[in-house]
Amino acid sequence: MSAFFNPSVRIVWASMTMGLALAVAGCGATKDHYAAGEDAQQRQAFEAASETKSSANIDTQATYLKVVGQMQQQGLWFASLAHIDALEQRWGITPDSTRVRADALRQTGQPEPAEAAYKRLLNTPQESAGYRGLGLLAGARGHYAEAVQLFKQAQRRTPTDALLLSDLGYASLRAGQPEEARLPLMQSLQLQPDSKQAQANVALYLEATHQQEQATALMDSNRMPEATRAAVRAAALQMRAAAAGNSAATAPASAMLPRDEPIAPLPLALKPTRWAGMGGVRTATQLNPPVSAADTPLSPNPTSPRGTP
């Protein structure tokens, strides 16, 4: 992905006051009607002056970038594009403004200009964000092997970015590389234990690698709602089915899923909000999930000696 300038929504009172005055008193209330109108105009003028004063306080590019970042955190991607235009008109185009623009273009369904903007970030201080954005676009197209390589390029530049590591682990799972997914997913969870995305992706890894008991314990300890659990299990089922299909020539018949077993569609991928609604309860044991199903199952006991909160 602070208290900054956050313009409030103004309610225009003039027409409401005028209409109410006329309805109650008719033509005899002309004096009151004009008084009410003048009061409304004064309120509007005061609000406009206050907004102008607040806007004037955004006197640096860094402050304006923080305002744009806050808007994007609230999901106001379209509005943020307008403010990025204003920012660049005032201070010029920089790698920082290009990064927030690229993210906004991707989030508003404009992949081609987003890709061009992310590529402009390469060989700049925002190079990691450029590679990550390109990886997200590749993942959205279903090109997960390509996404893995792009995320790895980003990871080399920002190795402690928890969200990036979670994306890398998820893309590795979708690319049929579960053994490559484990390390970045566990790193992501330990770096940001309260991250809903990291929690869900680790649960997905455990489910996809036949560690259902550990996955259930992890989801229980974080109080994931049933809808999220169902999405995780459906995604894991489809991943296992894909893996079984890729090895059908050598796998025994008993290893294949029944043809009539329903497979739900995968949830939206590579977006931190796709697991919305999950709890964020942190436990010590979830920081060090077992290597395999043979290891000790995860325990929801926060006083367990495994790991440090």
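The structure holds 1 aromatic pair. Y64 and W91 form it, edge-to-face, at 6.1 Å centre to centre with 85° between the planes. (Rings of Phe, Tyr and Trp, the last by its six-membered ring, pair if their centres lie within 6.5 Å; planes under 30 degrees apart count as stacked, over 60 as edge-to-face and the rest as tilted.) Y64 sits in helix α3 (residues 61-73) and W91 in helix α4 (residues 77-91), so the pair ties together parts that are 27 residues apart in sequence.

This is a predicted model: local features need pLDDT of at least 70, side-chain atom pairs count only at pLDDT 80 or more, and totals for chains, interfaces and linings use all residues. Residues are numbered from 1 along each chain as its sequence is written, and side-chain values use heavy atoms, with hydrogens and water left out.

The two partners compare as follows.

| Residue | Relative accessible area | Class |
|---|---|---|
| Y64 | 10% | buried |
| W91 | 28% | partly exposed |

Buried means under 20% relative accessible area, exposed over 50%, and partly exposed in between (1.4 Å probe, protein chains only).

**Overall fold**

The protein chain has 13 helices and 0 strands. Helices (H or I, at least four residues) and strands (E, at least two) are DSSP runs, numbered from the N terminus. Buried residues make up 40% of the 309 residues. The chain exposes about 16,700 Å², and carbon and sulfur atoms supply 55% of that area. These areas come from the Shrake-Rupley method with a 1.4 Å probe.

**Cores**

Y64 turns up again in the largest nonpolar core, which has 31 residues. Y64, V68, Y118 and F151 have the most contacts inside it. Helices α3, α4, α5 (95-107), α6 (111-120), α7 (127-140), α8 (144-157) and α9 (162-174) each supply at least two residues of this core. Another core, of 22 residues, lies apart from it; A181, L189, V202 and L204 are among its members. A nonpolar core is a set of buried Ala, Val, Leu, Ile, Met, Phe, Trp, Tyr and Cys residues joined through side-chain atoms within 4.5 Å.

Y118 has contacts beyond its neighbours within four places in sequence. They include A102, D103, R106, A129 and L137. Contact means heavy atoms within 4.5 Å.

**Helix α12**

Helix α12 spans residues 212-221. Its buried residues are Q214, A215, A217, L218, M219 and S221. Their cover includes α11 (196-208) and α13 (226-246). R223 follows α12 and has a positive phi, near 55°.
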